[in-house]
Amino acid sequence: MIPYLSYDEPLFRPPSEAYSLIFQVTLGCSWNRCAFCEMYTSKKFSVKKETDVFKEIEAFREYSSDIRKVFLADGNAFVLSFERLSRILDKLHESFPKLNRVSAYALPKDILSKSDKELKTLSDKGLKLLYVGIESGDDELLPRIHKGETFESSFEALIKARKAGIKLSVMILNGLGGKKYSEQHAINSAKVVNAIQPEYLSTLVLSFPYGMDHFKKRFEGEFKELSKTELILEMGNFINHLQLESTIFRSDHASNYLILKGILNRDKGELLRRISQVLQDPSHANLRPEWMRGL
Ligand code: SF4
């Protein structure tokens, strides 16, 4: 029988962790202030007891020693101290001999709070991939959405993680600045991604699960939502400014109207051609209908 994991709902994971075993080592998000994010607003951030985490790992060890991928939840599990993460990684490796990747969500500040040596140790112990929602590289927009990070902090943190041998998956939020900040959001987001050269890049579209008025109250300043066409135009602008060596790009999250995939910059021309076709004739573009966006 599969051991029971007592998940504290809601539980989120990146799409690419669909086949990973998930251990919740923290609950909620330690920041929990981003204007656009309702993922963990129902939870008060806390660190799960280490003995409880270890019991769950042990229960799974009895069930299967074949586990290869583990995702540490919740929101920013990488906020845990170096010592705590280190002990969890040791426990995972001792329990699952075939384990080849442990990953987690992280904030730039979580990375910067650890020394180069600590990051290298975590990487050597199997922490191989961090998912970081940069959202934007625009320093005028970032404080308006209360991200608590800047172009520089994201850049510095992610380069630091990379030097330690940790791979990076970064997310940018299409439409985040509305009409007023669209252009600078696209250009500066491309700049920060270029500076980082992540292994993986994805874009999601800004959504309003609690309605537009709720978001507007949390956004610092004037916000006017982009139309579908303007969202796609902003994507074109963003991709046009990307200068990447070999980044796997995905714009296929449920929130996206237009599904785009490729390796950048190799497929940049093709992606821009597709966007241009859609902008010329949106009625034939096969855009994801509202009811399929699952938001
Ligand atoms: S840091 Fe991430 S999980 Fe936390 S509030 Fe911001 S977007 Fe949401």
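Biologist: Why are α8 and α9 called roughly antiparallel?

Modeller: This is a predicted model. In it, α8 and α9 pack at an angle of about 160 degrees. The class needs an angle over 145. The value passes that cut-off, so α8 and α9 are roughly antiparallel to each other. Their axes lie 10 Å apart, and α8 passes α9 in a left-handed crossing.

Biologist: Which residues of α8 and α9 meet?

Modeller: From α8 come T229, I232, L233, M235, G236, I239 and N240. They meet K268, L271, L272, I275, V278 and L279 of α9. By class, the residues of this contact are nine nonpolar, three polar and one charged.

Biologist: How do you know which way α2 runs relative to α4?

Modeller: Helix α2 covers residues 82-95 and helix α4 covers residues 116-124. They pack at an angle of about 15 degrees, with axes 10 Å apart. Angles under 35 degrees count as roughly parallel. The pair is therefore roughly parallel. α2 passes α4 in a left-handed crossing.

Biologist: What makes up the contact of α2 with α4, by residue and by class?

Modeller: F82, L85, S86 and L89 in α2 meet E118, T121 and L122 in α4. They divide into four nonpolar, two polar and one charged. E118 is the charged residue, because Glu is in that class.

Biologist: How do α6 and α8 pack, and with what handedness?

Modeller: α6 spans residues 178-196 and α8 spans residues 228-240. The angle is about 35 degrees and the axes are 8 Å apart. The crossing is right-handed. On α6, the contact uses S182, E183, A186, I187, S189 and A190. On α8, it uses E230, E234, N237 and F238. The tally is four nonpolar, three polar and three charged.

Biologist: How do you know whether the size of the protein agrees with a compact globule?

Modeller: A compact globule of 295 residues would have a value near 19 Å. The protein has 19 Å, so the two agree. The C-alpha trace spans about 55 × 40 × 35 Å along its principal axes. The protein has nine helices and 10 strands.

Biologist: What surrounds the ligand?

Modeller: The shell is C29, W31, N32, R33, C34, C37, M39, Y40, G75, L107 and G133. It holds seven nonpolar, three polar and one charged residues.

Biologist: What makes a residue of this shell nonpolar, polar or charged?

Modeller: Cys, Trp, Met, Tyr and Leu count as nonpolar, so C29, C34, C37, W31, M39, Y40 and L107 fall there.

Biologist: What is omega for the cis peptide bond from A73 to D74?

Modeller: Omega is near 5 degrees. D74 sits in the loop between β4 and α2. A cis peptide bond also joins L264 and N265, with omega about 5 degrees. N265 is in the loop between β10 and α9.

Technical notes
Residues numbered from 1 in each chain as written. Predicted model: local features only at pLDDT ≥ 70, side-chain atom pairs only at ≥ 80, totals over all residues. Near = placed C-beta within 6 Å. Axes fitted to C-alpha atoms, helices over the stretch in contact; angles between N-to-C directions. Helix = DSSP H or I, 4+ residues; strand = E, 2+ residues; numbered from the N terminus. Parallel < 35°, antiparallel > 145°, perpendicular 65-115°, else oblique. Left-handed = near helix turned anticlockwise from the far one by under 90°. Contact = placed C-beta atoms within 7 Å. Rg over C-alpha atoms; globule rule 2.2 N^0.38 Å.
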